[in-house]
Amino acid sequence: MVPNVGVRTYRPRQMGTFQGTRRMKRRISLCLSQTVRRFLAISCLVALVAGLLVTQYFYGQMMEMRAQAEQMRELHAQMTSTHMGLVERQELLSSREHIVAVASVRLDLFEPSKGQVRRM
């Protein structure tokens, strides 16, 4: 036999001081005419539709700005790669070997050998 199975502790209910009188829930009742109700319903519907339209407008603007940002990002990546190519070309053109090669072809200038230079 298993003791304490299905056993609960006893807790007596607390009794209120005014048990006999219950509080009535207050309910707000508005007495509106049929035309006022119809006007309020149409106003709420128009406000809902206007809110949805404004939301869609801002969503469209956001998507357009996102597309522009993506285009600018692609343009920036393209410009960066072009810049890197130009920097490499500049380094190649300003290298000593290239300058000597161009001078020998265009101007018939050659770098002196060790035996040609005399230092005093």
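These legends describe close-up views of a predicted model.

**View 1**
One of its members, Val36, belongs to helix α1, which spans residues 34-93. Val36 has a relative accessible area of 35%. That value lies between the 20% and 50% limits, so Val36 is classed as partly exposed.

Cys31 has 77% relative accessibility and is exposed. Cys44 is exposed too, with a relative accessibility of 55%. Both values count as exposed because the cut-off is over 50%. A disulfide would require two cysteine sulfur atoms within 2.5 Å. By this rule the model has 0 disulfides.

**View 1. Ser104 in helix α2.**
Ser104 sits in helix α2, made of residues 96-106. Its relative accessibility is 18%. Ser104 is therefore buried, as the limit is under 20%. The Ser104 side chain makes a polar contact with the backbone oxygen of Ala101, at 2.8 Å.

**View 2. Contacts of Ser104 beyond its sequence neighbours.**
Which residues does Ser104 touch, once those up to four places away in sequence are left out? They are Leu109 and Phe110. Ser104 itself lies in helix α2 (residues 96-106). With 18% relative accessibility, Ser104 is buried.

Notes: Residues are numbered from 1 along each chain as its sequence is written. This is a predicted model: local features need pLDDT of at least 70, side-chain atom pairs count only at pLDDT 80 or more; totals for chains, interfaces and linings use all residues. Side-chain values use heavy atoms; hydrogens and water are left out. Helices (H or I, at least four residues) and strands (E, at least two) are DSSP runs, numbered from the N terminus. Buried means under 20% relative accessible area, exposed over 50%, partly exposed in between (1.4 Å probe, protein chains only). A polar contact is a pair of N or O atoms within 3.5 Å; within protein, one must be able to donate a hydrogen and the other to accept it, and residues adjacent in sequence count only if both atoms are side-chain atoms. Contact means heavy atoms within 4.5 Å.
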